[in-house]
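Visitor: Could you show me how to read a structure that is new to me, beginning with the whole chain and then turning to a single residue?

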Amino acid sequence: AVNTGLTSTNVYSLAISGTNIFAGTGGGVFLSTNNGSSWTAVNTGLTDLNVRSLAISGTNIFAGTWRGGVWKRPLSEMCIGVSITNILSNQSATVGGTVTWSVSTSGSSPFTYQWYKNGSPITGATDSSYTTPTLTLSDSGSAYYCYVTNCSGSNATSNIAALTVVTTTGIKNIDFINNINIFPNPTPGKFTLEV
């Protein structure tokens, strides 16, 4: 059974709008935004909680009640606030690489995403995941987070994730007669070479 949050399991009607599922029950109208895993009451203005039928027409939902007539409400008001359900991890990468962060959300869709770097919005970074452009040393120490809104007007901000960018030090070319080439050159760190 997928009844978590329902105050009445007497379900008389179901209606679907996008990814939202509505249940007309003996305890009112309930909304699920996660395929029925949990339900939230959306009964504002409903005088008779004994809902026998639901219908969606255009941008409105209608509920036929047992003794309270018909209730009408815009679908735009039938929205559960957004929350971010995962934690962003700090990441490390090498110069020339990229990193990707993603957020998972719950609540009513559609969601609007905006990623930030060091407190400023990143142009074009408006999806649930963000991949950096090719990294340079100057990106090291940057802080990234995502701001999400939805139809309810609510918002959620992810935690801040730090980025560390490092260079790799290695041997590029060995010419045992003349020299050894080390990259990058100059190298910012220490290294030991034994022959």
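**Reading the chain and one arginine**

Guide: The secondary structure of the protein chain comes to 0 helices and 19 strands, where helices (H or I, at least four residues) and strands (E, at least two) are DSSP runs numbered from the N terminus. This is a predicted model, in which local features need pLDDT of at least 70, side-chain atom pairs count only at pLDDT 80 or more, and totals for chains, interfaces and linings use all residues. Residues are numbered from 1 along each chain as its sequence is written, and side-chain values use heavy atoms, with hydrogens and water left out.

Visitor: Is arginine 73 buried or exposed?

Guide: Buried means under 20% relative accessible area, exposed over 50%, and partly exposed in between, with a 1.4 Å probe and protein chains only. Arginine 73, which is placed in strand S7 (residues 70–74), counts as buried because its relative accessibility is 11%.

Visitor: Which backbone oxygen does the side chain of arginine 73 reach at 3.1 Å?

Guide: A polar contact is a pair of N or O atoms within 3.5 Å; within protein, one must be able to donate a hydrogen and the other to accept it, and residues adjacent in sequence count only if both atoms are side-chain atoms. Here the side chain of arginine 73 reaches the backbone oxygen of glutamate 77 at 3.1 Å, and a polar atom of that side chain lies 3.2 Å from the backbone oxygen of valine 42.

Visitor: What is the bridge partner of tryptophan 115 in S15?

Guide: Two strands pair if DSSP finds at least two bridges between them. Strands S12 (residues 111–117) and S15 (residues 143–150) run antiparallel and are joined by 7 bridges, with cysteine 146 in S15 as the bridge partner of tryptophan 115.
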